[in-house]
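Could you look over these points before we discuss the fold?

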Amino acid sequence: MSRGSSGIVAGLTAAALVAVGVLAFQASANAPASVAAPKPKATAATGHAKPKEKPRPAALPAHSGTGKRVVYALADRRVWLVDAEGKAVRTFEVMPSALNPLPGTYQVNTPRQGAPTKGSDGVMIEHVVRFAMVDNVAVGFSAAVDGSMESPDPTLKTGGVRMSREDGDAMWDFALVNTKVVVVP
């Protein structure tokens with residue numbers, strides 16, 4: 001190539017790069033938020049970000065009985081273990097069963113089953129604490145041996161209210177036969 005043509009090629013290349021840059025800028029300026037590059041977030045060092053607050057444990061529901069009891073709030077998906085003086089000694093989240101008992105007062109009513117067994121959904125469970133019957137299915141608290149707390153299959157008639165293994169241990173130690181279980185909406 002001659003010197004004149006190399007200058008033309010360099011000029012065309014520079015013009016092409018400028019055109020691509022302009023088009024890229026226009027595209028990014030007009031891109032919807034769902035595909036635009038994320039904007040940098042403020043950090044604690046800049047003083048703009050607030051630390052995330054941990055949610056406070058939910059308060060024991062009013063009108064949930066007296067004395068030693070287990071309180072199970074269906075809408076909150078939460079359980080409280082309440083001592084004889086009415087103090088909540090532990091609270092934790094649960095995964096409700098496919099079948100829920102009606103609000104009311106029940107009792108732990110069958111011998112507790114501590115050894116791992118297969119739940120009505122086919123999951124291996126431990127620390128089974130039964131307290132109600134719904135549509136001929138026993139409803140009770142249990143912990144999956146693998147620690148899972150999956151949503152129950154709505155097509156199955158299951159009665160297992162699942163909790164973590166740690167919470168299952170606490171329930172097992174607390175809810176002996178004849179312990180009250182108060183179910184609230």
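The points below go from the chain as a whole to the sheets and then to the side chains.

1. Basis of the note. This is a predicted model, in which local features need pLDDT of at least 70 and side-chain atom pairs count only at pLDDT 80 or more, while totals for chains, interfaces and linings use all residues. Residues are numbered from 1 along each chain as its sequence is written, and side-chain values use heavy atoms, with hydrogens and water left out.

2. Chain as a whole. The protein chain has two helices and nine strands, where helices (H or I, at least four residues) and strands (E, at least two) are DSSP runs numbered from the N terminus. Along the sequence the pattern is α-β-β-β-β-β-β-β-β-α-β. Of the 185 residues, 31% are buried (under 20% relative accessible area, with exposed over 50% and partly exposed in between, for a 1.4 Å probe and protein chains only). Taking contacts (heavy atoms within 4.5 Å) with a separation of 6 or more, 52% are between residues 24 or more positions apart. The chain exposes about 11,900 Å², of which carbon and sulfur atoms supply 59%; these areas come from the Shrake-Rupley method with a 1.4 Å probe, and for residues only the protein chains shown count as cover.

3. Five-stranded sheet. Five strands form an open sheet of mixed pairing in the order S3-S2-S1-S9-S4, two strands being paired if DSSP finds at least two bridges between them. Its edges are S3 (88–93) and S4 (104–107), each of which pairs on one side only, and the twist averages 20° from one strand to the next. Within this sheet, S1 (residues 69–73) and S9 (residues 180–184) pair in the parallel sense over five bridges, with Val184 of S9 as the bridge partner of Ala73.

4. Helix H2. Helix H2 (residues 165–174) packs on that sheet, where it touches S1, S2 (78–82) and S3, and its direction makes about 140° with that of S3. Axes here are lines fitted to C-alpha atoms, for helices over the stretch in contact, and angles run from 0 to 180 degrees between N-to-C directions. H2 also lies across S6 (124–134), S7 and S8, at about 55° to S6.

5. Four-stranded sheet. Another open sheet, again of mixed pairing, has four strands in the order S5-S6-S7-S8. The edge strands are S5 (117–118) and S8 (160–163), each pairing on one side only. S7 (residues 137–144) and S8 run parallel and are joined by four bridges; in S8, Arg162 is the bridge partner of Ser142.

6. Aromatic residues. Three aromatic pairs are found in the whole structure; rings of Phe, Tyr and Trp (its six-membered ring) pair if their centres lie within 6.5 Å, with planes under 30 degrees apart counted as stacked, over 60 as edge-to-face and the rest as tilted. The pair of Tyr106 and Phe131 is edge-to-face, because the ring centres are 5.9 Å apart and the planes are at 70°; Tyr106 is in S4 and Phe131 in S6, 25 residues apart. Tyr106 counts as partly exposed at 21% relative accessibility, whereas Phe131 counts as buried at 2%. Phe131 also forms a stacked pair with Phe141, 4.9 Å centre to centre and with 20° between the planes. Tyr72, Tyr106, Phe131 and Phe141 form one aromatic cluster.
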